[in-house]
Amino acid sequence: MLVTLQRIVEGVNKAPDFNMALNTMVGQVREALETDSCSVFIADNEQRQFVMAASDGLRTEDGSSIRVDFGEGIISLAAQREEPLNIADASQHPANKKLVDTNENIYRGLLAAPIIHRRKVLGIVVVHQSVARQFTREEEAFIVTLAAQLAVVIAHADAKGLLMSDHSPWIHSLRGLPGSPGVAIGEAYVSRPEARLDEVTPKRSDKPVHEIRKFRQAVARTRADLKELSRRMAGQVPDDTLAIFDVYQGMLDAASLGDAVENMIKEGWRAQTALKYVVEQFVSQFEALEDSYLKERATDVRDIGQRVLMHLQNRQRQRKLLPDSFILVADEVTASMLAELPQAHIAGIISLNGSSNSHAAIMARSMGIPAVLGIDDIDLHFFSDRQLAVDGYTGEVYIDPPPQVLSQFHQLAEEEQELKDIVSEHSHLPAETQDGQRVSLHLNLGLDVAHDYLQSLNIDGVGLYRSEIPFMMRDQLPTEDEQTEMYQEVLEQFPDRPVVMRTLDVGGDKPLPYFPLQEDNPFLGWRGIRLTLDHPEIFLIQIRAMLRASIGKSNLRILLPMITSTSEVDESSRLIKQAYFEVAEEQGCEVGVNLFQPQLGVMIEVPAAIYQLPAMASKVDFFSVGSNDLTQYLLAVDRNNRRVASLYDAYHPAVLASLDEIARRCEELGKPVSVCGELAGDPGGALLLVAMGYRQLSMNSYNVDRVRWILRNVRSSTLNVMLAKALQARNPEQIRSMIADKMESMGLGGFVRAGK
Ligand code: PEP
Ligand code: MG
């Protein structure tokens, strides 16, 4: 039965269109279960009906489509209960409702399973038997498994607008995860890695060593990609399908493509050219084979070749002609992709992968660009030449929206602009509540370190400089001199304000292309300080560069990421001291005159650190709470995993309670504490944090003036009431709606939803 199921599902996935897929499937299921009919009903939420989308056996007299109102019949019962119904004689069942003008009355045995995607019932698959029949447990399991697989197909079909009928003028919309607030309207600009072997112009090279090195690097990156792809697909496709990734890895081995390409390079060809020749030769060999299975392997060879080529061509990628304003759509919006494109033209972002807290979302928020992430693995082609409207508050994306939706979006965008103008008109004022409670606003920096607008920001300093971002955008570790220059650029921009530089925080969701890490649980693995303490040479070079950059200035602060134990603080302090004296001596600095020992801080982002606060307080000068990771580790929810994205929530009562606890403990210990996670720049989050007693918030530039404006419009007494309610709430939804109501009542609703 499993084999049959696999065959059916594969058939559905391969079918050229959705209707054909469903029609073929119902026939195959009817045959497999030896029933008299099999039908699929799909929920039409506008009309509040289940509509028959395909059937083998069930029909109306005049051939029209069958519709069942929500709440009626056994179909609705299966949907309501969200479980399969196995009824030996449906004609006797109280929920039975004879469908008018159909041949359903001839049926008795019934087995129905709801088709559920992300907790939403999309439809029902149902089989009927003309005689009374109790289906077996295996048959039940078969239909439930099939329904689960169908759910993904139907969710995509819905997205693609294929379910639209004359009766049901559904707006084509997709729902992803809200990644960055705001609304945007624009043409889709689909970004995909473009590398075609047939477009490579053959060229010679007299630097074989260099070309081989380039090729090997590209292969290593391709391997890492494949591993990731395979990992993502695991559990979603049968193991034999998954094995294709092993085949791909095998193709990259020296014995397959590797040696052949390197030999051609040694004969004087550039890496791209050698790759092109070797792959094309393999392709034509496979294509010449009789065996149809082996013939197909030609496609795989070409595919893998183009993946390697993509990495080889990384730097020479052609700039496209871009529309003035567009919505960037990509499988995975990356830091480098955002960096490559002109920011002013990006009206919105859609990243098919990722979730609200992946770095793409963090970057989108920092750039003030509305973003939606984690839309199902729908094909990128689908977005080409489409007009899109994106709501970054709800995660909704409208495709080719009808005029009324468009004009609504234009209106909302205008209101958002008005709100932006009000906020920026007040940017020169201090961030303080109406009763005079002053809060220092700091900046989170990473990608965008050298922009004029940073100078014009009214901030008290840099609360978090993510030093790993420039590391991620290079081909190799930057040298000490290069790093010194990078850090100088940052420190010089804010000579009279503190700049908190965090040491390298790679690993987890921030891989370095030239330092590939393959771990089963990267977030629990070799990340942040764990990695750099294991590589003191990397750590020391970075600290030395920071110190050299700080010569003649006194604004450098150093922050350690992912600290779990005091021994990590001790070890880091020791290395920092070593670097300090080395630099002082080498550079002929006068300690305490033109080279200062930087204040040291620790990130509170691993829950264990909360219980180590007293032990660490004597060793450091300040604490900084990384609410992004703290949320992930407290809730045991991977911040980038789409399947559990709805569980990742900094408004979880447990997260808020721990933030409250940290503020209290730091107050008792007399240690300055700030928050530099995303919650600090979130309007509601900032209010709660101030109520808890945090007086330093660090956020992206986009939120600085928004948070200032909000703070200037509240009183501490109101904040205290909000916090008391939040700490008593049972779930994040209660907290969110309490905040939304409060903000709405204070005329600040435009900060938590679209519009003003
Ligand atoms: C955090 O974890 O909250 C944080 C600020 O660090 P990052 O998002 O870079 O992990
Ligand atoms: Mg972190």
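Modeller: Let's begin with a pair of facing residues: Tyr465 stands opposite Met501 in strand 17. Strands here are DSSP runs of E with at least two residues, helices are runs of H or I with at least four, and both are numbered from the N terminus. Before going on, note that this is a predicted model: local features need pLDDT of at least 70, side-chain atom pairs count only at pLDDT 80 or more, and totals for chains, interfaces and linings use all residues. Residues are numbered from 1 along each chain as its sequence is written, chains are lettered from A and ligands numbered from 1 in the order in which they are written, and side-chain values use heavy atoms, with hydrogens and water left out.

Colleague: How many bridges join strand 16 to strand 17?

Modeller: Two strands pair if DSSP finds at least two bridges between them. Strand 16 (residues 461–466) and strand 17 (residues 499–502) run parallel and are joined by three. Strand 15 (residues 440–445) also runs parallel to strand 16, with four bridges between them, and Leu443 faces Val462 of strand 16.

Colleague: Is strand 16 covered or exposed?

Modeller: Buried means under 20% relative accessible area, exposed over 50%, and partly exposed in between, using a 1.4 Å probe and protein chains only. Strand 16 is mostly covered, with six of its six residues buried.

Colleague: In what order do the eight strands of the open sheet come?

Modeller: The order is 7-14-13-9-10-11-12-8, with mixed pairing. Strand 7 (173–175) and strand 8 (177–180) are at the edges with a single partner strand each, so one side of each has no neighbour in the sheet. From one strand to the next, the twist averages 30°. Inside this order, strand 11 (residues 346–351) and strand 12 (residues 371–373) pair in the parallel sense over three bridges, and Ser351 has Leu373 of strand 12 as its bridge partner.

Colleague: Which strands does helix 12 touch?

Modeller: Contact means heavy atoms within 4.5 Å. Helix 12 packs on the sheet against strand 9 (183–191), strand 13 (387–391) and strand 14 (396–399), and its direction makes about 110° with that of strand 9.

Colleague: And how do I read two helices packed together?

Modeller: Two packed helices are described by the angle between their axes and the distance between the axes. Axes are lines fitted to C-alpha atoms, for helices over the stretch in contact, and angles run from 0 to 180 degrees between N-to-C directions. Helix 12 (residues 403–425) packs with helix 24 (residues 701–711) at about 80°, their axes 9 Å apart. That makes the two roughly perpendicular; angles under 35 degrees count as roughly parallel, over 145 as roughly antiparallel, 65 to 115 as roughly perpendicular and the rest as oblique.

Colleague: Which residues of helix 12 meet helix 24?

Modeller: Lys420, Ile422 and Val423 meet Tyr702, Asp705, Arg706 and Trp709 of helix 24. This contact has four nonpolar, no polar and three charged residues. Here Ala, Val, Leu, Ile, Met, Phe, Trp, Tyr, Cys and Pro count as nonpolar, Asp, Glu, Lys and Arg as charged, and the others, Gly among them, as polar.

Colleague: How many residues of helix 21 are buried?

Modeller: Eight of the nine residues of helix 21 (residues 627–635) are buried, so this helix is largely enclosed by the rest of the structure. Among them are Ser627, Tyr633 and Leu635. Just after helix 21, Ala636 takes a positive phi of about 55°.
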